[in-house]
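Please examine the structure shown below alongside its sequence. The report that follows describes selected features of its fold.

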Amino acid sequence: MKDASTSGVTVKREAAVVDRGGFIDILIEAPEWRVVIENKPWAGDQDKQLERYWAHITRGKFTPAWCRLVYLSANGQPPERHSLGEKLREKLSADPARLY
């Protein structure tokens, strides 16, 4: 997110993903970009959890180039396969700056 503005930033905790189900642990939004922080210190991933969150944050004017997923786990493990899905995992792996 080169040269992303921090003007108008909001931070939401347990942000509802109304159109797809679930709650994003931390959602940081600005007029031009979005960041999801999913904190998994002890819980497992839900089925298609990160897929739903990615679809939610990249809808409308928010292109994937201006969106990021940050995944925090207790042991540094990546998201579980059933949470991210192979297609999205490959897409995000092609640009490591999108998934941390």
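This report considers a sheet, a helix and one lysine in turn.

## The sheet

The model described here is predicted. In general, the strands of a sheet pair through backbone hydrogen bonds, and they may do so in a parallel or an antiparallel manner. Here, 4 strands form an open sheet in the order E1-E2-E3-E4, and their pairing is mixed. Strand E1 (10-16) and strand E4 (67-73) are the edge strands, each pairing on one side only. From one strand to the next, the twist averages 20 degrees.

Strand E1 and strand E2 (residues 23-29) run antiparallel and are joined by 6 bridges. Within this region, alanine 16 stands opposite phenylalanine 23, a residue of E2.

## The helix on the sheet

Helix H1 (residues 49-57) packs on the sheet, where it touches E1, E2, strand E3 (34-40) and E4. The direction of H1 makes about 160 degrees with that of E3.

## Lysine 40

Lysine 40 belongs to strand E3. Is this residue, lysine 40, buried or exposed? Lysine 40 counts as buried because its relative accessibility is 8%, and the cut-off for buried is under 20%.

Apart from neighbours within four places in sequence, lysine 40 is in contact with Asp45, Gln49, Tyr71, Leu72, Ser73 and Ala74. Tryptophan 66 and lysine 40 are separated by 26 residues in sequence and by 23 Å in space, C-alpha to C-alpha.

Key: Residues numbered from 1 in each chain as written. Predicted model: local features only at pLDDT ≥ 70, side-chain atom pairs only at ≥ 80, totals over all residues. Heavy atoms only, no water. Pairing = 2+ DSSP bridges. Helix = DSSP H or I, 4+ residues; strand = E, 2+ residues; numbered from the N terminus. Axes fitted to C-alpha atoms, helices over the stretch in contact; angles between N-to-C directions. Contact = heavy atoms within 4.5 Å. Buried < 20%, exposed > 50% of the residue type's maximum accessible area, 1.4 Å probe, protein only.
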